[in-house]
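Here is a short report on one protein chain. Keep the model in view as you read.

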Amino acid sequence: MKKHLSLLLLALLLTTALLTGAAPAISNLNPDQTTLANAAESVQYIGNLNTHKFHYASCRYVAAMNPANKVPFATRDEAIQAGYVPCKVCRP
Ligand SMILES: [Zn+2]
């Protein structure tokens with residue numbers, strides 16, 4: 001009888017461990033997705049790896065740019081600190 005009870009307790013502990021172990025993994029998914037979505041939304045400037053100029057994401061030169069040369073920047077300062085020069089057309 002006592003052995004049966006301890007097995008039951010063990011099963012309960014394992015279930016609890018599984019549940020609590022799985023819960024953070026699930027709740028971690030959402031902040032990550034939110035961070036990715038925010039990162040995509042916060043890209044306002046696009047640098048050109050070839051010319052070392054940066055543009056507003058809406059600039060027509062960005063649309064014409066080779067996707068391989070695109071460098072995303074969240075802020076103007078970030079682009080300048082990376083050595084990029086503001087585009088003379090869109091004046092970011
Ligand atoms: Zn531009």
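A nonpolar core is a set of buried Ala, Val, Leu, Ile, Met, Phe, Trp, Tyr and Cys residues joined through C-beta atoms within 7 Å. The largest nonpolar core here has seven residues: Y45, I46, F54, F73, A79, Y84 and C87. Bear in mind that this is a predicted model.

## The overall plan

The protein chain has three helices and four strands. Along the sequence they follow the pattern α-β-β-α-β-α-β. Of the 92 residues in the protein chain, 11% are buried. Now take the contacts between residues at least 6 apart in sequence. Among these, 62% join residues at least 24 apart.

The table sets out the pairings.

| Strand pair | Direction | Bridges |
|---|---|---|
| Strand 1 and strand 2 | antiparallel | three bridges |
| Strand 1 and strand 3 | antiparallel | four bridges |
| Strand 2 and strand 4 | parallel | two bridges |

Strand 1 covers residues 45-48, and strand 2 covers residues 53-56. Follow I46 across the sheet. Its bridge partner in strand 2 is H55. In strand 3, the bridge partner of I46 is P72. G47 stands opposite F54 in strand 2. K53 stands opposite V85 in strand 4.

## Around F54

F54 belongs to the largest nonpolar core. Which residues is F54 in contact with, leaving aside its neighbours within four places in sequence? They are Y45, I46, G47, F73, A79, Y84, P86, C87 and P92. G47 is the residue opposite F54, and I46 is the bridge partner of H55.

## The hairpin and its turn

Strand 1 and strand 2 form a hairpin, with four residues between them. H52 lies in the loop between these two strands. The phi of H52 is near 55°, a positive value in a residue other than glycine. Is H52 exposed, partly exposed or buried? H52 has 13 other C-beta atoms within 10 Å, so it is partly exposed. The cut-offs explain the label: a residue with 12 or fewer such atoms is exposed, and one with 20 or more is buried.

What is the phi of R91? The value is near 45°, again positive in a residue other than glycine. R91 sits in the segment after strand 4. R91 has 9 C-beta neighbours inside 10 Å, so it counts as exposed.

## Putting it together

Start from strand 1 when you trace the sheet. Strand 1 runs antiparallel to strand 2, and also antiparallel to strand 3. Strand 2 then pairs with strand 4 in the parallel sense. Finish at the core, where F54 is grouped with residues including Y45, F73 and Y84.

How values were computed:
Residues are numbered from 1 along each chain as its sequence is written. This is a predicted model: local features need pLDDT of at least 70, side-chain atom pairs count only at pLDDT 80 or more; totals for chains, interfaces and linings use all residues. Two residues are in contact if their C-beta atoms, placed from the backbone, lie within 7 Å. Two strands pair if DSSP finds at least two bridges between them.
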